[in-house]
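Please read the sequence and the model side by side.

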Amino acid sequence: MTKITTENKPQTLPINTFSTEELQGRIFNDDSLNVLHRTPSDSIDIIHIDPPFKVHATGKSNALKDEAYLDEIAPMSDGITEEYLDEMVRVLKKDNFRMFIWCSKDQLDFYFTYFKDYAIDILFWHKSNPI
């Protein structure tokens, strides 16, 4: 397994960081980046995310023809940023790195590039009703 490090990443955390005990068994109704910023480094066992797919006004879905809906999802039309991944890597326990990411095929290059120095396994699932 590749050793996970964040040597070149800033390690400055906000003053109001959660304690490990405060995180146990909690559900947060907040922007995930806000919660990640307040989470101590090396404190999370597993991350399972379903970030926004690269969504553009194509496909068969009626939702993708609704201009109000397209305006609403515009900020996430390209998925998540490296800032999210940096924070997820920072908070995961380094001795047992486990992250599961659901994504579209259009996002694979982004994730492969980001995790190029990590030992990763890939699990594919063919979605039969793509957007």
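Read from the N terminus, the elements follow the order α-α-β-α-α-β-α, which gives five helices and two strands. The model is a predicted one. Contacts between residues 24 or more positions apart make up 70% of those with a separation of 6 or more. Of the 131 residues, 28% count as buried. The accessible surface of the protein is about 9,600 Å², and carbon and sulfur atoms account for 51% of that area.

Next comes the interior. In soluble globular proteins, nonpolar side chains tend to be buried together. The largest nonpolar core here has 17 residues, and Met88, Met99 and Phe115 are the members that touch the most others. At least two core residues come from each of helix 2 (32-37), strand 1 (47-49), helix 4 (82-91) and helix 5 (108-114). Helix 4 gives the largest share, five residues.

How much of helix 4 is covered? Eight of its 10 residues are buried, so that the helix is mostly covered under the cut-off of 20% relative accessible area. The buried residues of helix 4 include Leu85, Met88, Val89 and Val91, and also Asp86, Glu87 and Arg90. Tyr84 is buried as well. Among the elements that cover these buried residues are helix 2, strand 1, strand 2 and helix 5.

The loop between strand 2 (99-101) and helix 5 contains Gln107. Is Gln107 buried or exposed? Gln107 counts as buried because its relative accessible area is 2%. A polar atom of the Gln107 side chain lies 2.9 Å from the backbone nitrogen of Ser104.

Finally, the surface. Which residues form a nonpolar patch there? The patch consists of Phe112, Ile120, Ile122 and Phe124, which together have about 400 Å² of accessible area. Phe112 belongs to helix 5. Phe112 counts as partly exposed because its relative accessibility is 37%, a value that falls between the cut-offs of 20% for buried and 50% for exposed.

Conventions
Residues numbered from 1 in each chain as written. Predicted model: local features only at pLDDT ≥ 70, side-chain atom pairs only at ≥ 80, totals over all residues. Heavy atoms only, no water. Core = buried A, V, L, I, M, F, W, Y, C linked by side-chain atoms within 4.5 Å. Buried < 20%, exposed > 50% of the residue type's maximum accessible area, 1.4 Å probe, protein only. Helix = DSSP H or I, 4+ residues; strand = E, 2+ residues; numbered from the N terminus. Patch = residues over 30% accessible without salt bridge, like charges linked within 9 Å, V, L, I, M, F, W, Y side chains within 5 Å. Areas by Shrake-Rupley, 256 points an atom, 1.4 Å probe, with all protein chains shown as cover. Salt bridge = Lys/Arg side-chain N within 4 Å of Asp/Glu carboxyl O. Contact = heavy atoms within 4.5 Å. Polar contact = N/O pair within 3.5 Å; in protein donor to acceptor, adjacent residues only side chain to side chain.
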